[in-house]
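Hello,

Here is the structure I promised to pass on to you. Have a look at it first, and then read on for what turned up.

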Amino acid sequence: MTDTRSENRLFWENEERLLDERISQAVWPGGQKALERLAKQGKRPVRDLIQMLIDPGTQFYELSVIAGFGMGYPGVDDVPCAGIVTGLGKIHGNWTMIIANDSRVKAGTYFPITLKKHLRAQRIAERCGLNCVYIADSGGAFLPMQADVFPDEDHFGAMFYNMARMSAKGLKQITLSTGGNTAGGAYIVFMACEAVMIDKLAYSFLGGPPLVKAATGEVISAENLGGARVHTQISGGADHFCKTQEEAIATVRNILAFEQPQKLQTFRFAEVPPRVPPETIYEILPPIIHQGINTRAFLETIADDSYFMEYKKNYAPGRGDNIVTGKIRIKGIETGIIASNGLGIIFVEAARKATEFIVRCSYDKCPLIFIQSSPGYMVGSESEHMGIGKYGADMVRAVSCAQVPKIQLVIGPDNGAANYGMCGRAYHPHFLFSTMRARTSVMSGRSAAEVLLTIEQRKREIKGKPMTEEEIAEFKKKMIDKYDGEAHPFFCGARLLTDRVLKFNQIRDWLAMALEVSLLQPIGEPSFGNMRF
Ligand code: COA
């Protein structure tokens, strides 16, 4: 191993150790004390329940684990894991979306980020045609922030709106209630296709005992107001009565055992492991984010047999190959690739090639993976006159309209319009993953500092107080710190701008999962709007 390669590896391993630390804060909120409190209530930690729910020996693909840190909500800075666990697992062989409150985080109440995470999971499920299991244990809206979570289109009511519409499409909505479900939260039980409640653990009511007393003067226990017996024997609001969490999990599995097996909408070839091990990624990606990358070498680490069938390999050298296009298979599933290469600055030739390939894959009904490491489209008069705006817009049109499954993976800079053309969040990729090398922001810290400095200097000159060298340096540093901080995967991961920050050695496995899940629904016919070409 050359020095550079081992230095790269050391750097990335250290970065991923930081990621591990963040994940462990998310997975163990409140530490041992919170675990003991749960045990006293007769409850297992939420991830234990999920592991029991999915098929034995299979993996739970947990989404957005580092969501909710550093949010700066009034009185609550961190909401570990956004207070809710979401992810994909197989139940009787069928991919299923699991959405589970973590009652250790403020009684599983909904902060804005909790809601965003819940709705994102439902959106994936609806688009990919997955059944949903809700493990409900929540005090409902986080009351100090009710105005930010209750009344709007994408607020609390949207969770139930989604349940109703998914159920109407034939996607099963199963709720396992294992705690309090009060007020709006009670609808998670009553809106389900089938709801399972646990004796003396699960409660569901529109108003809890204190509210009932205040409103009507009636004094009643939670059990007699809306416990498992009440809803399975009297109100009929729930369907299955269980004595323990274990029995409740088994009941959910039994309900879903009657589901038809899912079908992949593509032929799956035999899986061939890469000849270049995925571990090699640690050695080939440089720690300096704006340093160029060798994408072909990266693709060898994730492709079956390390084989990349490149499209237009020789086209416009130095200008056309800042994006490489072509096809690979991942665990036997064919996929198109649109990948930044070198410095990743997108020239006209690269934009045109990428557009052409997106359209081609759409006619082939071949999914697309966008591997993003681009600081933007090429600027300057030559580029403008050649039509970078027009051809960049064509690329954005193609990305927007492509009906095939789209997955984005960010492994470097992710700035400006390149975020659009390479299928950023606003372009609705089925899944969006990033890594510790990802930096997502409108521009890099350095560029932002220069732009803002020019504006500030002009203002100060008009006032007759030009900036001193020291003030300039301080201003620049402040802007660089702000922009680079906001582009960091921890900042973006906290705000759900990615579905998961992956470790390099997880990339192949997660891409295979994402391809499989997003190919469960038939692919629509290609239709592109007002292309200019
Ligand atoms: N909004 C804000 N904070 C809430 C909350 C809510 N809706 N419900 C609970 N919390 C907070 C508590 O203040 C407590 O905070 P702390 O750890 O800083 O002291 C923490 O969450 C744990 O609550 P606690 O009551 O100790 O947990 P529990 O397991 O004994 O009971 C509930 C859980 C959900 C049954 C109970 O908290 C409850 O009834 N909450 C109110 C539910 C409600 O009326 N919601 C209406 C929303 S639409």
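A nitrogen atom of the ligand lies 2.9 Å from a backbone N or O atom of A141. This is a predicted model, so please read every distance here as a computed one. L143 also takes part through its backbone, where an N or O atom lies 2.9 Å from a nitrogen atom of the ligand. With K106 the side chain is involved: one of its N or O atoms is 2.5 Å from an oxygen atom of the ligand. The ligand on its own would expose 870 Å², and the protein buries 51% of that.

Which residues are around the ligand? Besides K106, A141 and L143, they are R37, Q41, A107, T109, G139, F142, P144, T182 and A183. Sorted by class, this shell has six nonpolar, four polar and two charged residues.

Next, the pockets. The largest pocket holds about 390 Å³ of space. Its lining is made of 16 residues, and R37, Q41, S103, A107 and D137 are the ones nearest its centre. Where does the lining come from? α2 (31-40), β4 and β5 (173-182) each supply at least two residues, and α2 gives the largest share, with four. The classes here are three nonpolar, seven polar and six charged residues.

The structure holds three cavities of 30 Å³ or more.

The largest cavity has a volume of about 90 Å³. Its lining counts 15 residues, and N101, Y110, A136, S138 and I188 lie nearest the centre. Two or more lining residues come from each of β3 (94-101), β4 (131-138) and α6 (156-168). Of these elements, β4 provides the largest share of the lining, four residues. How many charged residues does this lining have? It has no charged residues, but 10 nonpolar and five polar ones.

The second largest cavity has a volume of about 70 Å³. By class, the lining has four nonpolar, four polar and four charged residues.

Last, the aromatic rings. The count comes to 16 aromatic pairs. One of them is formed by F160 and Y187, with 5.9 Å from centre to centre and 45 degrees between the planes, which makes the pair tilted. The pair links distant parts of the chain: F160 belongs to helix α6 and Y187 to helix α7 (residues 187-190), and the two are 27 residues apart.

Enjoy exploring it!

Best wishes

Terms used: Residues numbered from 1 in each chain as written. Predicted model: local features only at pLDDT ≥ 70, side-chain atom pairs only at ≥ 80, totals over all residues. Heavy atoms only, no water. 1 Å grid on protein atoms, 1.4 Å probe; cavity = no way out; pocket = protein on both sides within 12 Å on 5 of 7 lines; lining within 4 Å. Points joined across faces, edges and corners; volume = space filled by probe spheres on them. Nonpolar A, V, L, I, M, F, W, Y, C, P; charged D, E, K, R; others polar. Near = heavy atom within 4 Å. Polar contact = N/O pair within 3.5 Å; in protein donor to acceptor, adjacent residues only side chain to side chain. Areas by Shrake-Rupley, 256 points an atom, 1.4 Å probe, with all protein chains shown as cover. Phe/Tyr/Trp six-rings, centres within 6.5 Å; stacked < 30°, edge-to-face > 60°.
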